[in-house]
Amino acid sequence: MTKSGLIEEVAKRTPHISKKDTEVVVNTIFDSMIDSLKEGDRIEIRGFGSFQVKMREAREGRNPKTGEPVHISAKRTPFFKVGKELKEMVDQSPAEAPASQGEGSESTPSV
Amino acid sequence: MTKAEIVEQIYERVGFSKKEAAELVEKVFDIMKETLADGEKVKISGFGNFVVREKNARKGRNPQTGQEILLEARRVLTFKPSLVLKNILNDEVEDEGAGDDAAANAPTIPEESA
């Protein structure tokens, strides 16, 4: 599922809100999350998970092709920690044949 | 930041009613959860990809006691942040315009911290 697929599905479930508005809101959700992380803020979505920016120390790396040593400077990286509820949902989902391969099938059965 | 603060941001930025904003925020995370529970990945351009991975059963060890334990096969959720997001978080540190353009140059809206 892509962001547009997500917008489509949300719109389907909220027929009283126009698709255009849905699109604006979905985009604003991720924009505001990005801005929050940029401020160094932690994001916690109950039942889903939390996002946090952590500092990665500078280190000496290597160009895997040439073997040449390269300096990798310190940087900030976002981390996601899955929430308990979602973690269990993912692990216990009954789908034995992983649907993850069927990339083309964007059609989730709607309620 | 919590869901309530996201709702607040939607209200401030696009003037959407809080009631409807809350409803949409709720739906967005519900749908993402359902999709991931089905084993399908969720790709949010400019943000990152959520991918369900199959982990094989393996032998592990209780790090405290050293006792061997069997870790069963399981499915876990991983998040791979987009290059755009990683660059945004580091734009003061290294200012390279590589990567995506759209989101990276998003106008910074003045915001009062809620």
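Colleague: Is A:Lys12 buried, partly exposed or exposed?

Modeller: In this predicted model, A:Lys12 counts as partly exposed, at 48% relative accessibility.

Colleague: With which residue does A:Lys12 form a salt bridge?

Modeller: The partner is A:Glu9, and the closest N and O atoms of the pair are 3.4 Å apart. Both residues belong to helix α1 (residues 3-13) of chain A, and because they are three residues apart there, about one helical turn separates them.

Colleague: And is A:Glu9 buried or exposed?

Modeller: A:Glu9 is buried, since its relative accessible area is 4% and the cut-off for buried is under 20%.

Colleague: Which residues make up the network of salt bridges here?

Modeller: The network links A:Glu9, A:Lys12, A:Arg13 and B:Glu34.

Colleague: What about B:Lys33, with which residue does that one form a salt bridge?

Modeller: B:Lys33 forms a salt bridge with A:Glu85, and their closest N and O atoms are 3.4 Å apart. B:Lys33 lies in helix α2 (residues 18-37) of chain B, whereas A:Glu85 lies in helix α3 (residues 84-92) of chain A, so this pair joins two chains.

Colleague: Which of those two is buried, and which is partly exposed?

Modeller: B:Lys33 is buried, with a relative accessible area of 8%, while A:Glu85 is partly exposed at 43%.

Colleague: How many salt bridges are there over all chains?

Modeller: The count over all chains comes to twelve.

Colleague: Let us turn to charge on the surface. Which residues gather in the patch of positive charge?

Modeller: That patch brings together A:Arg56, A:Arg59, B:Lys80 and B:Lys86. Of these, A:Arg56 is found in strand β2 (residues 49-56) of chain A. A:Arg56 counts as partly exposed because its relative accessibility is 40%, between the limits of 20% and 50%.

Colleague: Now the strands. How do β3 and β4 of chain A run, and how many bridges join them?

Modeller: Strand β3 (residues 59-62) and strand β4 (residues 69-72) of chain A run antiparallel, and four bridges join them. In one such pairing, A:Glu60 has A:His71 in β4(A) as its bridge partner.

Colleague: How many residues lie between the strands of that hairpin, and which residue takes a positive phi?

Modeller: Six residues lie between β3(A) and β4(A), and A:Gly67 takes a positive phi near 75° in this hairpin.

Colleague: And A:Lys38, where is that found?

Modeller: A:Lys38 is found in helix α2 (residues 19-38) of chain A, and at 31% relative accessibility this lysine counts as partly exposed. A:Lys38 and A:Gln52 are 14 residues apart in sequence, and their C-alpha atoms are 10.0 Å apart in space.

Colleague: Finally, what pattern does chain B follow along the sequence?

Modeller: Chain B has three helices and five strands, in the pattern α-α-β-β-β-β-β-α when read along the sequence. Of its 114 residues, 35% count as buried.

Note on methods
Residues are numbered from 1 along each chain as its sequence is written. Chains are lettered from A and ligands numbered from 1 in the order in which they are written. This is a predicted model: local features need pLDDT of at least 70, side-chain atom pairs count only at pLDDT 80 or more; totals for chains, interfaces and linings use all residues. Side-chain values use heavy atoms; hydrogens and water are left out. Two strands pair if DSSP finds at least two bridges between them. Patches are made of residues with over 30% relative accessible area and no salt bridge: like charges are joined within 9 Å, nonpolar side chains (Val, Leu, Ile, Met, Phe, Trp, Tyr) within 5 Å. Accessible areas come from the Shrake-Rupley method with a 1.4 Å probe; for residues, only the protein chains shown count as cover. A salt bridge is a side-chain nitrogen of Lys or Arg within 4 Å of a carboxyl oxygen of Asp or Glu. Lys and Arg count as positive and Asp and Glu as negative; His and the chain ends are not counted. The place of a charge is taken as NZ of Lys, CZ of Arg, CG of Asp or CD of Glu. Buried means under 20% relative accessible area, exposed over 50%, partly exposed in between (1.4 Å probe, protein chains only).
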